Amino acid sequence: MSRIEILALINKVLAANGRSETRDEDVAIRDAGFRSLDFSEVALRIEDKLDRELHFEAGSMRRIATIKDVIDFFENAISADVD
Amino acid sequence: MSTEAKTLHFVARPDFGFEALQADATARFGRILPEWRGTRVFFACGDGVDALQAVLLARLGDLDMGLAPARRLTSDVRDSLASAGFRIFDMASGEMLESAQQGTSLDVVPGRVSMLTSGTTGAPKLIEHDWGTLNTLGGERGYPRRTWFVPYQPGTYAWYQMICLWLFQDGQALFVPDEHDLVGGFVSSLARGVDAVSATPTFMRYVLLTTEEQELRRAKMQTLTLGGEIVDQAILDRLSHLWPGSTLRHIYASTEVGAAIVVQDGREGFPAALLERGDAGRLQLKDGRLLVRSKFASRSVSGSEWVETGDLVEVVGDRVLFRGRAGSAMINVGGMKAFPAEIEAALLGHPEVLWARVRARRAPLVGSLPTAQVVLTPSGAGLSDAERQLSDFLRARVPDHAVPRFWEFLDVVPATPSLKS
């Protein structure tokens, strides 16, 4: 999955939950209203799309502050699983 | 048994009135009836005719018995019946069925009626009643004359409730449909004098989904009884709107506890005032769970004993509302509680939602997320962006974390053989 597709999924989840979509990757997740439930939903939607489970590293999850970090995190999780 | 002639309509066998049914039962099995006395006999029934004949024979012979559709009697069930001392009689072939363990009737109680639970939460259990605990209207007189549609599977607690009404109350007729087309049978029964029905909310939703409202509205429905699963405000409102002159009641009952609460004020749940009598009453709340004692409880429970029902309830204002079964009723969403029954009830309050089921889906980080399956009404089937609209609708009614994250829209209401969902 590309970064654009991951951002599109993030925006889909934000919009479905009554919040504004974002184009600015540097916006803080708190300002974007992107919460742990949204994170979890995006993870499941990626898993559904790829038809496999993702494995997360708790340490890198704690470093997430912006939407860019979220996209980086999923990009890494997807490629790590492929290796 | 009442002396008044009983009226019966079998859709599958229009020639079978009550007298024909009884005469046929006696002709088929009268000769072997004496052999069943002093044993425990379980009737494997091919259809509703077999089941009613088994009841008539049980009454005639004061038998220690049970019955179920033959297809429910798998080898496991047959073995557990045999270990309880039952011999299984196949009504179709007129022969005893063999099982791995042969029944040995050590403890025979004339008039005992044993029934299998639905087994939705594990292997079916055997619950014992008698005609006294099953006849919940025993003390009432002058019950209005009615013709009842019987959608329930023979041998279940709800089915026996209908049968007892027919057996022990004057002026009650039964309409037994073809079990393979219950909804079609219900609709056609309305033109043939049926003016009362006892059913689950799932069954009535199925009827509403598949039948033109105008056709239903023409029926002269007098009495509607709902039970078997949580009865929500939306289905009560829909049915009272459809048949405004009818008596609409909902019953809280289980095979083990028997009938315990009857509500007739058109509102979901039951009045909180019923809890206030404490130990003198019939209902108690303990740790969010409902405790019941009922004189109609099964034989393993004494009438003065409190039974933990396993049903979660919540007091909201002057009402006690059901929140589902303990153990499966709560979704943990990142440490916050979400109750499927509460979310489903809120969804059903949307005018275009006919049926809803909310479940947990295992999710990373937060543990679980709620997911929803929904059936829209025929007029709502074209609802554009239903997922967004229903999410917005819910956000005004339940906490954010309880709004389902995944949606599936089904064409039909998925119902189990016991007409629940």
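**Notes on a two-chain model**

1. Let's start inside chain B: ten residues of domain 2 of chain B are in contact with eleven residues of domain 3 of chain B. Here, two residues are in contact if their C-beta atoms, placed from the backbone, lie within 7 Å. On the domain 2 side, helix 8 (201-210), helix 10 (233-242) and strand 18 (319-325) of chain B each supply at least two residues. Helices (H or I, at least four residues) and strands (E, at least two) are DSSP runs, numbered from the N terminus.

2. A word on the basis: this is a predicted model, in which local features need pLDDT of at least 70 and side-chain atom pairs count only at pLDDT 80 or more, while totals for chains, interfaces and linings use all residues. Residues are numbered from 1 along each chain as its sequence is written, and chains are lettered from A and ligands numbered from 1 in the order in which they are written.

3. Domain 2 of chain B covers 181-325 and domain 3 covers 331-410; such bounds come from an automatic or database domain assignment. The centres of these two domains, taken over C-alpha atoms, are 23 Å apart.

4. Now for the two chains: their contact takes ten residues from chain A and 15 residues from chain B. Helix 3 (residues 36-50) of chain A gives the most to the chain A side, with seven residues.

5. Asp287(B) sits in the loop between strand 15 (283-286) and strand 16 (289-292) of chain B.
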